[in-house]
Amino acid sequence: MNKAERLTQELTYLNNHHHFHLQDLEDEFSISKRTTLRDLNALEKMGLAFYSTHGKYGGYQIINHGPLIPVTFALSEIAAIFFAIDALQILSNNPFQQSYPRIARRLFDTLPEEQQEQIKKQRSAVQYYNVPIIHQSLNLNSLLTAIINRQEVSFNSLQLKTKVKAQLLSLLYRNGNWFINGISLDTHTNFRLRCDLLTNFIIKKQTAPYSLHQLAVLYRKGHSQVTKIHFTCQVTKSGQEHFLKNHYPHMTINDQLLTGYYTDQEAKYMVDYLLSFGSQLIILSPARLKKEYCHRLKQMLAHYC
């Protein structure tokens with residue numbers, strides 16, 4: 001590590017240690033006392049303000065308690081930020097959709113004219129395929145707030161018959177729809193529900209019982225206890241490419257075999273997914289999946305034959 005890199009890392013370290021001893025820096029960066037003193041002198045010239053105190057509990061105390069390191073980005077990094085913002089804006093329905101244009105505008109205005117022109121050229125040279133939101137979800141911000149703040153919620157869902165009191169774990173976006181994952185606090189069962197089908201959503205004042213880590217462990221445990229229907233399909237090379245573009249977490253592909261599992265509740269979605277492969281896939285097992293797949297094909301053919 002050269003001196004410039006070490007000084008930068010020392011600033012990062014001191015940003016979280018406003019009181020320190022020489023020995024702290026010596027141990028953290030494996031440097032001698034003489035090098036540490038030279039580095040402190042260099043940091044002081046860079047604008048780091050501190051004073052030393054003597055005695056048994058003495059050491060160094062930083063005077064300015066604000067952030068010590070200004071955040072700067074290279075042009076390539078700025079371009080990457082704009083690329084990310086533009087890519088995320090194709091989700092016309094998301095928890096931050098109102099923030100993206102404002103962030104982009106403020107960041108762009110801080111750039112010198114020469115960099116602004118370069119960013120304009122780069123943004124105009126990249127096009128995005130827009131995956132449209134199929135169903136608008138109006139409560140995404142509230143759902144995200146409840147997750148982060150560990151708040152109990154209650155709601156009704158058109159997918160369920162009863163009112164749910166729950167703690168929420170995560171939001172999931174897939175194929176034009178937002179889903180919410182969580183655990184019912186009454187029945188202690190997992191759920192994954194369409195966000196646009198939630199009604200009477202209320203965030204309660206009381207804190208939910210589980211930390212996000214505990215909730216994730218419980219969710220995985222509950223998912224492992226659900227009855228799983230394992231399947232095997234044979235796919236062509238084109239089918240393998242289709243899988244790589246679009247697949248669920250509990251599916252794997254090895255050579256020409258697509259394997260995984262689904263639950264009874266997911267049977268309809270599973271058939272829909274397999275139909276998307278067209279002639280590039282053959283179901284090998286189970287028999288019930290073949291039967292449901294053929295039944296759906298017959299329904300489709302009935303419109304034409």
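This is a short talk through the fold of one predicted protein model.

Okay, some ground rules. Because we're looking at a prediction, local features need pLDDT of at least 70 and side-chain atom pairs count only at pLDDT 80 or more, while totals for chains, interfaces and linings use all residues. Residues are numbered from 1 along each chain as its sequence is written, and side-chain values use heavy atoms, with hydrogens and water left out.

Let's start with the whole thing. The protein has 11 helices and 12 strands. The C-alpha atoms fill a box of roughly 90 × 50 × 40 Å along the principal axes.

Now, two helix pairs. First up, α1 (residues 3-14) and α2 (residues 22-29): they pack at about 125 degrees, with axes 11 Å apart. The axes are lines fitted to C-alpha atoms, for helices over the stretch in contact, and angles run from 0 to 180 degrees between N-to-C directions. So α1 and α2 are oblique to each other. On the wording: under 35 degrees is roughly parallel, over 145 roughly antiparallel, 65 to 115 roughly perpendicular, and the rest oblique.

For the classes, Ala, Val, Leu, Ile, Met, Phe, Trp, Tyr, Cys and Pro count as nonpolar, Asp, Glu, Lys and Arg as charged, and the others, Gly among them, as polar.

The second pair is α4 (residues 75-88) with α5 (residues 99-109), at about 160 degrees and with axes 10 Å apart. That makes α4 and α5 roughly antiparallel, therefore, and their crossing is left-handed. I81, F82, I85 and L88 come from α4, and Y100, I103, A104, L107 and F108 from α5. This contact has 9 nonpolar residues, no polar and no charged ones.

On to strands. Three of them make an open antiparallel sheet, in the order β1-β3-β2. β1 (19-20) and β2 (50-53) are the edges with a single partner each, so one side of each has no neighbour in the sheet. Two strands pair if DSSP finds at least two bridges between them, and β1 has 2 bridges to β3 (residues 59-62). H19, for instance, has Q61 as its bridge partner.

Further along, β4 (residues 151-157) pairs antiparallel with β5 (residues 164-174) over 3 bridges, and a hairpin of 6 residues joins them. β5 also runs antiparallel to β6 (residues 177-184), with 8 bridges; Q167 sits opposite I183 there.

Most residues other than glycine have a negative phi, and most peptide bonds are trans. H188 isn't a glycine, yet its phi is positive, about 55 degrees; look for H188 in the loop between β6 and β7 (190-194). And the S285 to P286 peptide bond is cis, with omega near 0 degrees. P286 lies in the loop between β12 (281-285) and α11 (287-301).

Note on methods: Helix = DSSP H or I, 4+ residues; strand = E, 2+ residues; numbered from the N terminus. Left-handed = near helix turned anticlockwise from the far one by under 90°. Contact = heavy atoms within 4.5 Å.
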